[in-house]
Amino acid sequence: MSDTVHVLNGPNLNLLGTREPHLYGSETLADVEALCQREAERFGFALIFRQTNSEGALVDLIHAARGSFGIVLNAGAYTHTSVALRDAIAAVQVPTIEVHLSNVFAREAFRHHSYLSPVAKGVICGFGPQSYALGIAALAGLAA
Ligand code: CA2
C-alpha cells in the first residue's frame with residue numbers, strides 16, 4: 001500500500017492513439033500503462049493504473065489511493081473545471097503529481113488554468129507519455 005503508486009486518468013484518455021495524434025501522439029493508453037509499469041518497477045513501486053470518463057468515479061479513485069505512496073493524475077478536461085477533484089486531492093493528503101501529455105500553456109487559454117495545481121505537489125506537462133514517467137520519478141524523488 002505505502003509502496004504503491006496510483007496513476008489515474010480522466011475523460012477521453014481511453015481514446016489515446018486512436019484520434020488527434022497531432023495533439024496526443026500515437027501511443028495508446030495501454031502503451032502508457034506499460035511505460036508506467038516499467039518506470040514503477042525501476043523504483044520498486046507497485047502500480048495501480050486506472051481510467052474513467054466520470055468525474056465522481058475519479059473522485060472515488062483518488063479516495064481509494066489514501067495511504068499509498070503517491071498519485072500521478074491526468075484528470076483531462078476536469079483539470080480545468082473540477083472543484084470536486086481539487087477537494088479530493090486535498091482531502092486524501094497523498095502527494096499528487098498533475099501530469100498532461102500536451103503543453104497546456106501552448107494551447108487555448110481555458111487550458112491555462114488548473115483547479116488542481118494549487119493542491120498538487122507539482123505539475124509536469126508537454127512531454128507526451130514521458131510526462132507520466134517523469135511523474136513517477138518525481139514521486140520516487142520525494143523519498144530521497
Ligand atoms: O494534455 C493532456 O494530457 C490533457 O490532460 C488532455 C485532455 C485535455 O482536456 C487537457 O486540457 C490536457 C484531453 C484528453 C483527451 O484525450 C484524447 C485522446 C485521443 C483522442 C481524443 C481525446
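Colleague: How many bridges pair strand 1 and strand 2, and in which sense?

Modeller: Strand 1, residues 4-9, pairs with strand 2 in the parallel sense over six bridges. Two strands pair here if DSSP finds at least two bridges between them. Helices (H or I, at least four residues) and strands (E, at least two) are DSSP runs, numbered from the N terminus. Before we go on: this is a predicted model, where local features need pLDDT of at least 70 and side-chain atom pairs count only at pLDDT 80 or more, while totals for chains, interfaces and linings use all residues. Residues are numbered from 1 along each chain as its sequence is written, and side-chain values use heavy atoms, with hydrogens and water left out.

Colleague: Fine. Which residues stand opposite each other there?

Modeller: Thr-4 has Ala-46 of strand 2 as its bridge partner, and His-6 stands opposite Ile-48 in strand 2. His-6 also stands opposite Ile-71 in strand 3.

Colleague: What's the order of the strands in the open sheet?

Modeller: The order is 2-1-3-4-5, five strands with parallel pairing. In general, strands of a sheet pair through backbone hydrogen bonds, either parallel or antiparallel.

Colleague: And which strands stand at the edges?

Modeller: Strand 2 (46-51) and strand 5 (122-125). Each has a single partner strand, so one side of each is left without a neighbour in the sheet.

Colleague: How far are neighbouring strands turned against each other?

Modeller: By 20° on average, direction ignored. The axes are lines fitted to C-alpha atoms (for helices, over the stretch in contact), and angles run from 0 to 180 degrees between N-to-C directions.

Colleague: What about the pairing of strand 3?

Modeller: Strand 1 and strand 3 pair in the parallel sense over five bridges, with Asn-9 opposite Asn-74. Strand 3 also runs parallel to strand 4 (residues 96-100), and three bridges join them. Thr-96 in strand 4 is the bridge partner of Ile-71.

Colleague: How many residues of strand 3 are buried?

Modeller: Five of its five, and strand 3 spans residues 70-74. Buried means under 20% relative accessible area, exposed over 50%, and partly exposed in between, with a 1.4 Å probe and protein chains only. Gly-70, Val-72 and Asn-74 are buried on one side, and Ile-71 and Leu-73 on the other.

Colleague: Is Asn-9 buried or exposed?

Modeller: Asn-9 is buried, with a relative accessible area of 0%. From Asn-9 to Gly-56 is 13 Å, C-alpha to C-alpha, and they are 47 residues apart in sequence.

Colleague: Switching topic. How many disulfides are there?

Modeller: The count is zero, taking a disulfide as a pair of cysteine sulfur atoms within 2.5 Å. For Cys-36, the nearest cysteine sulfur is that of Cys-125, 16 Å away. Cys-36 is buried at 0% relative accessible area, and Cys-125 counts as buried too, at 17%.

Colleague: Which residues lie nearest the centre of the largest pocket?

Modeller: Pro-11, Asn-12, Leu-13, Tyr-24 and Gly-76, out of 18 lining residues. The volume is about 390 Å³. On a 1 Å grid over the protein atoms alone, a pocket is an open set of points with protein on both sides within 12 Å along at least five of seven lines, whereas a cavity is a set where a 1.4 Å probe fits but cannot get out; lining residues have an atom within 4 Å of a point. Grid points are joined across faces, edges and corners, and a volume is the space filled by probe spheres set on the points.

Colleague: What sort of residues line the pocket?

Modeller: Eight nonpolar, six polar and four charged. Ala, Val, Leu, Ile, Met, Phe, Trp, Tyr, Cys and Pro count as nonpolar, Asp, Glu, Lys and Arg as charged, and the others, Gly among them, as polar.

Colleague: Last one: what's the phi of Gln-93?

Modeller: Near 55°, a positive value in a residue other than glycine. Gln-93 is in the loop between helix 4 (83-92) and strand 4, and at 71% relative accessibility Gln-93 counts as exposed. Glu-20 has a positive phi of about 50°, and Glu-20 is partly exposed at 42%.
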